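Me: Got a chain here that I'd like to go through. Can you take me through the contacts and the helix packing?

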Amino acid sequence: MSRSYLNPRHQDLKTRICQSTGLPTCMVLNCGRATMAREQCGLNRYYCRTHVEHFRRHGSYSKPSYTASQLAPYRAAALAWLTENDGLAVVAAARHRVITRMWAVGAPTNAFRLRGMSPSARSRNVWALLGARQVDADQLLAVWLAVCMAHHADPQPERKLEYRHVQAAKVLHRLAGGSHRRWDGQATMGISATELHKYPASRGVVLRYIGQTIAELASPLDGYIPAISKTSISMHRPKRVRQQAQAV
Ligand SMILES: [Zn+2]
């Protein structure tokens, strides 16, 4: 008699994977790989393992993330707009919501001790790290506004809101940083030090939680995104065109 060492939940998942039948090949154009269900390595019936992993990291099965240089001009424009409109009640409200969030989640957990934590707990830890590093609330609001502006200006945008959530979350995750340890030791040729750096993985459900939260916190500013986009366009026009516009 064969005996299964899998717990009931894993056994159930294994049975479902064995029973599921998916499309023969991945739905991403020109991919051609077998879907996870067809390969019996997962439940996804429409995409291959590579594109499922791409979705976990980027929020889209095929579209890559916006690069830092793509987002940089929008972040600068958003920050400038937030500074210029310091007196607006909505700016103060959004800023207050972000600061409250950072301090409401308590002290951060060391990145070396995140194993086994749920995605929601990990997302709260990212907010705690941002608070501990005293990251400016305007910087965080500017990230969300920049992602929205990049989306509006994108000629081939990913329509799903989840993509924008993930894009903003990736930047916040990077701003939160990681944990670092250092041990000094005596070596035969002088002082030697051992360093260990740990950065939490930037993928999966945790990015969705972080993105949803920053979108909610920045929601008082949603109506101002078209106006901020216009300042972004004027800021990044060629100098000659700007001078002509000012002369009129
Ligand atoms: Zn694929």
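**Contacts, core and helix packing**

Reply: Leaving out residues up to four places away in sequence, Val143 touches Arg75, Ala168, Val171, Leu172 and Ile214. Contact here means C-beta atoms, placed from the backbone, within 7 Å. This is a predicted model, in which local features need pLDDT of at least 70 and side-chain atom pairs count only at pLDDT 80 or more, while totals for chains, interfaces and linings use all residues. Residues are numbered from 1 along each chain as its sequence is written.

Me: How many helices and strands does the protein chain have?

Reply: Eleven helices and two strands, in the order α-α-α-α-α-α-α-α-β-β-α-α-α along the sequence. These are DSSP runs numbered from the N terminus, with helices (H or I) of at least four residues and strands (E) of at least two.

Me: Back to Ala168. Buried or exposed?

Reply: Ala168 counts as buried because it has 28 C-beta neighbours inside 10 Å. The cut-offs are 20 or more other C-beta atoms within 10 Å for buried, 12 or fewer for exposed, and partly exposed in between, with C-beta atoms placed from the backbone. Ala168 lies in helix H8.

Me: What does Ala168 touch?

Reply: Val143, Trp144, Val147, Gly211 and Ile214, not counting residues up to four places away in sequence. Its C-alpha is also 8.6 Å from that of Leu207, 39 residues apart in sequence.

Me: OK, H7 and H8. At what angle do they cross?

Reply: Roughly 140°, with the axes of H7 (residues 137-153) and H8 coming within 9 Å. Axes are lines fitted to C-alpha atoms, for helices over the stretch in contact, and angles run from 0 to 180 degrees between N-to-C directions. H7 and H8 are therefore oblique to each other; angles under 35 degrees count as roughly parallel, over 145 as roughly antiparallel, 65 to 115 as roughly perpendicular and the rest as oblique.

Me: Which hand is the crossing of H7 and H8?

Reply: Right-handed. That label applies if the near helix is turned clockwise from the far one by less than a right angle, and left-handed if anticlockwise. The contact uses Leu140, Val143, Trp144, Val147, Cys148 and His151 of H7, and Arg164, Gln167, Ala168, Val171 and Leu172 of H8. By class there are eight nonpolar, two polar and one charged residues. Ala, Val, Leu, Ile, Met, Phe, Trp, Tyr, Cys and Pro count as nonpolar, Asp, Glu, Lys and Arg as charged, and the others, Gly among them, as polar.

Me: And how do H6 and H8 pack?

Reply: H6 (residues 119-132) and H8 (residues 161-176) meet at about 50°, axes 8 Å apart. The crossing is left-handed. Val126, Leu129 and Leu130 of H6 contact Leu172, His173, Leu175 and Ala176 of H8.

Me: Switching to the largest nonpolar core. How many residues?

Reply: 44, and Leu141, Val143, Leu145, Ala146 and Leu172 have the most contacts inside it. A nonpolar core is a set of buried Ala, Val, Leu, Ile, Met, Phe, Trp, Tyr and Cys residues joined through C-beta atoms within 7 Å.

Me: Which helix gives the most to this core?

Reply: H7, with twelve residues. A second, separate core of seven residues includes Met36, Tyr47, Phe55 and Tyr61.

Me: Last one: where is Arg101?

Reply: In helix H5 (residues 89-104). Arg101 is buried, because 20 other C-beta atoms lie within 10 Å. Beyond four places in sequence, Arg101 touches Trp127, Thr213 and Leu217.

Terms used
Two residues are in contact if their C-beta atoms, placed from the backbone, lie within 7 Å.
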